Amino acid sequence: MNKRQVKLLIIFGIIAVLLGIAYLTVWLYTQRDLLIYGNANVYFKIIRRRAVQLLAIVVSTGLITSSSLVFQTLTKNRILTPSVLGFDSIFLVTQTLLVSLLGVSSILISNVYVNFIISTLTMIVITIIMYQLVLKKNKNNVVLLLLMGMIISSLAGSVSNFIQVFMNPDQFQSVLSLTTVSLTNINEQLVYILVPIMVVVVVLIYRKNRIYDVMALGDDQAIGLGVEYNKETKITLVYIAIAVAISTSLIGPLTFLGLIAVNGTRELFKTTKHKVMIVASFLLGFIVLMAGQVVVELMDNRTSVSVLISLIGGSYMIYLILKENKL
Amino acid sequence: MSKKKVISIAVFIALVIISLFIGVSDKVSITNLLKGDKNAWFLFYESRMPRTIVIILSASALSIAGLIMQALSRNKFISPQTAGTTNAAVLGVLIAYLFLGTISLYLKFVFAFVFAMVFSVLFILILNKIKLKIVIYVPLIGIMYGSLISAITQFIAQRFNALQIISVLNLGSFAHITRLNSTLLIILIPALVIAVIYATQFNVVSLGEDFSKNLGVNYKKVLFIGLIVVAAISASTYIVVGPLPFLGLIIPNLVSLYYGDNLKKNLFDVAIFGSSFVLLNDIISRLVIYPYEVAVGFTMGISGAVIFLIMIFRRVKSHE
């Protein structure tokens, strides 16, 4: 790491901490009335709740950015995120099916914990089946995997849409609230359990940073330098599946967050070392998500973070593609 | 006429006849129609016939729109649905709804058309600026572009509590088609005529800007006309029928697999193939839970996905 990168990392860290504090205290401004009518007990509850949400954001940002980063390394492409493989739609279809088959009041829906386990398992299983089918037969052809992901996601999309048309407004609302990213309906117990899982996955990815550095050179070079390319690809894809499944069912789909974070890091840090990039993209992703959430709250919650991030991320990516003039 | 062509036309005609005589009412049968049964003729004229005509018109138009879009963007994996065109049409409908309240079908169309047009021009401009190494990434940019437009739509819809308006538009169906509410699709006829007239020039444009200038074709003009045709087709079918997934993507690819890349020669086959495909899907959707029916967008989402997967795997195999 050179001096400039260290400096940038420190600045990022400071901004991240400041935004974290802003998130913990923004209600003082948006809900001023509470200061007149509330008491210490209420304040404590609010801050505690927000601290848990902050933890959830940290967890999912870590998972989203590190999985996006290694996914881009595997595919050697800068405009991809794992969610292109259709996780969002699979998540959507699982939730829609649950609500329509079991009704709004079923334990599988009302108990966030059970719901979480079901949707996470579904996503991991589907992904692993897909990997097995495509990668084994076709010599790790990731582009093929990508196309299949696109098709499966549109398939899943049409299935969930089909079911949603038949729903009564209650069920429709219930699906909407389950699938729209909203940091306000996170289950606290879930967050505590996810922290260790997230740490394990991120550490596993981080420990392989040198292998990814080599893999980024291309498969032939990597094999020449003694990396078991095919094996590493498969293991990494399983990590990615777990990471995306967890983060999607915790805070919903955030397609563009990984893209903004990883590409922003590339542009600012001008490095290809995964060691630096994992940390930096995590910080950047956190800053973007946190700033988005604070802005949404200052706008009286009249929009959602996911939409805001799609707006920013989509524009940024198209700007980037145009600037680079090639793909 | 080749044997293949005769077979495909025969299949098409058979599907048209089946499509006309499937339905909840058993009054509409050939014998009743020949007897001159008034009820049978009424149903036939008001519901069955419009439905089948709408299917043929919109299916062939959308397939041809896909073909033109693929020629203009010089990429086999593009269709109006993977290039943000339909997303833009939704945005147009939403804007029309917000500013004008409940509005007529035609005004809706004008808004959807204008938005589809503007955003497809933008997309082609972006594509022309990028040097691509792998063609598969083009639909990826298209999807990203589309989701950017959708994000704008959602952002606006959330602020004005109009989310369900967008959701209603999300699944293609022919179930509600009658003689009255499908008149908007008359717009497809001039669009198709223009497509036929300019077919050769679209083909030339698909060779690239420099090449088409060499051959004496006004690149920008033809590109613009092509996009007008595509936008008109996608906006009008989207409003009347809803999205028909994979149609514009797989049909042109299937046809060029058999007949090569001559766009003018292929137009007719694309129309026949596309209509047969949608007719078949519509018949299936009407029969699976008879006397009810599922939306054709759902059936096509599945059958189209499967066909597309097979096509990809075949391509991979031939590369090996």
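What percentage of the 327 residues of chain A count as buried? The value is 55%, where buried means under 20% relative accessible area with a 1.4 Å probe, protein chains only.

This is a predicted model: local features need pLDDT of at least 70, side-chain atom pairs count only at pLDDT 80 or more, and totals for chains, interfaces and linings use all residues. Residues are numbered from 1 along each chain as its sequence is written, chains are lettered from A in the order in which they are written, and side-chain values use heavy atoms, with hydrogens and water left out.

Chain A holds 16 helices and zero strands. Helices are DSSP runs (H or I, at least four residues), as are strands (E, at least two), numbered from the N terminus. Among contacts in chain A with a separation of 6 or more, 78% join residues 24 or more positions apart. Contact means heavy atoms within 4.5 Å.

**Two helix pairs**

Two packed helices are described by the angle between their axes and the distance between the axes. Axes are lines fitted to C-alpha atoms, for helices over the stretch in contact, and angles run from 0 to 180 degrees between N-to-C directions.

| Helix pair | Axes come within | Crossing angle |
|---|---|---|
| helix 1 and helix 15, chain A | 9 Å | roughly 30° |
| helix 3 and helix 8, chain B | 11 Å | roughly 40° |

Helix 1 of chain A is therefore roughly parallel to helix 15 of chain A, a term for angles under 35 degrees. Helix 1 of chain A passes helix 15 of chain A in a left-handed crossing (the near helix is turned anticlockwise from the far one by less than a right angle). The contact residues include A:Phe12 and A:Leu19 of helix 1 and A:Leu283 and A:Ile287 of helix 15. They divide into 16 nonpolar, three polar and one charged. Ala, Val, Leu, Ile, Met, Phe, Trp, Tyr, Cys and Pro count as nonpolar, Asp, Glu, Lys and Arg as charged, and the others, Gly among them, as polar.

In chain B, helix 3 passes helix 8 in a left-handed crossing. B:Leu57, B:Ser58, B:Ala61, B:Ile64 and B:Ile68 of helix 3 meet B:Leu188, B:Ile189, B:Leu192 and B:Ala195 of helix 8. That contact has eight nonpolar residues, one polar and no charged.

**Buried residues in chain B**

Helix 8 of chain B spans residues 188-197, with B:Leu188, B:Ala191, B:Leu192 and B:Ala195 buried. These four cover an arc of only 95° around the axis, so they lie on the same side of helix 8 of chain B. Their cover includes helices 3, 9, 11 and 13 of chain B.

B:Arg48 sits in helix 3 of chain B. B:Arg48 is buried, at 8% relative accessible area.

Note on methods:
Angles under 35 degrees count as roughly parallel, over 145 as roughly antiparallel, 65 to 115 as roughly perpendicular and the rest as oblique. Buried means under 20% relative accessible area, exposed over 50%, partly exposed in between (1.4 Å probe, protein chains only). The arc is that of the directions from the helix axis to the C-beta atoms.
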